[in-house]
Amino acid sequence: MAETPRVAHLMLLLFLGSALTIVAGLAAVLFGAVLRAKVAARMGGLLAVGCVCGYAIVLLGTGVFSPSKTLPEGQWKYFCEPDCHIAYSVASVRTAAMLGTEANLSQANGEFVVVRLKSWFDEKSISKHRGNGPLTPVPRLVSLEDSNGRRYFPTQVRR
């Protein structure tokens with residue numbers, strides 16, 4: 001079974017509501033400054049700062065208290081974006097001492113771990129009213145973590 005974030009839509013609405021509240025608070029600060037209304041400016045500033053702090057606490061708390069889950073090979077991990085869902089799965093894992101073509105081999109310091117990923121776009125996760133514009137997913141940062149907690153980032157091997 002695929003792993004999907006349970007509150008992804010709520011988090012997006014919380015983000016958009018927070019952004020709107022911050023803009024409204026800053027507008028109150030601006031109008032309070034123009035009209036020389038200290039109370040309105042102070043209240044708008046408190047609203048904006050409180051909203052930023054509250055959102056940061058919720059975001060960091062969600063990250064800290066969310067369990068880390070490793071999915072087995074072949075399982076899908078969904079990344080929810082505002083207009084679509086994209087899933088990734090580990091298709092295969094193998095090791096190699098050398099990579100590249102015969103003319104351009106790269107020797108490993110130990111061994112290479114070659115991980116092949118599959119990606120899948122869930123066409124049912126977009127609105128029928130979205131239109132036919134291009135979808136551009138957010139770039140992903142991929143790393144491999146061993147049992148000791150060390151992280152390894154991709155290396156480019158010339159082909």
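Predicted model: local features only at pLDDT ≥ 70, side-chain atom pairs only at ≥ 80, totals over all residues.
**Exercise 1. Find which residues make the nonpolar surface patch of about 550 Å², and place Val142 in the chain.**

Step 1: List the members. The patch of about 550 Å² is made by Val93, Val113, Val115, Leu117, Val142, Leu144 and Tyr152.

Step 2: Look for the main contributor. Strand β3, covering residues 104-122, gives the most to this patch, with 3 residues.

Step 3: Check the accessibility of Val142. Patch members need over 30% relative accessible area. Val142 has 40% and counts as partly exposed.

**Exercise 2. Determine how many disulfides the structure holds, and explain the result for Cys51 and Cys53.**

Solution. Let's start with the count and then turn to the sulfur atoms.

Step 1: Count. The structure holds 0 disulfides.

Step 2: Take Cys51. The cysteine sulfur nearest to that of Cys51 belongs to Cys53 and is 9.4 Å away, and Cys51 is in no disulfide.

Step 3: Apply the cut-off. A disulfide needs two cysteine sulfur atoms within 2.5 Å. Because the closest cysteine sulfur to that of Cys53, in Cys51, is 9.4 Å away, the two are too far apart for a bond.

Step 4: Compare the surroundings. Cys51 is buried, at 15% relative accessible area, whereas Cys53 is partly exposed, at 42%.

**Exercise 3. Describe the setting of Ser18: its element, its accessibility and its partners.**

Step 1: Locate Ser18. Its place is in helix α1, residues 8-34.

Step 2: Decide whether Ser18 is buried or exposed. With a relative accessibility of 9%, Ser18 counts as buried, because the buried class lies under 20%.

Step 3: Find a polar partner. A polar atom of the Ser18 side chain lies 2.8 Å from the backbone oxygen of Leu14.

Step 4: Look further along the sequence. Leaving out residues up to four places away, Ser18 touches Cys51 and Tyr55. Cys51 is the buried cysteine from Exercise 2.

**Exercise 4. Identify the salt bridges of the whole structure, and classify the accessibility of each partner.**

Step 1: Count. A search of the whole structure gives 2 salt bridges.

Step 2: Take one pair. The side chains of Glu145 and Arg151 meet with an N to O distance of 3.4 Å, which falls within the 4 Å cut-off. Glu145 is partly exposed at 48%, while Arg151 counts as exposed at 51%.

Step 3: Take the other pair. Asp146 forms a salt bridge with Arg150, and their closest N and O atoms are 2.9 Å apart. Asp146 is partly exposed at 22%, and Arg150 is partly exposed at 47%.

How values were computed: Residues numbered from 1 in each chain as written. Heavy atoms only, no water. Patch = residues over 30% accessible without salt bridge, like charges linked within 9 Å, V, L, I, M, F, W, Y side chains within 5 Å. Areas by Shrake-Rupley, 256 points an atom, 1.4 Å probe, with all protein chains shown as cover. Helix = DSSP H or I, 4+ residues; strand = E, 2+ residues; numbered from the N terminus. Buried < 20%, exposed > 50% of the residue type's maximum accessible area, 1.4 Å probe, protein only. Polar contact = N/O pair within 3.5 Å; in protein donor to acceptor, adjacent residues only side chain to side chain. Contact = heavy atoms within 4.5 Å.
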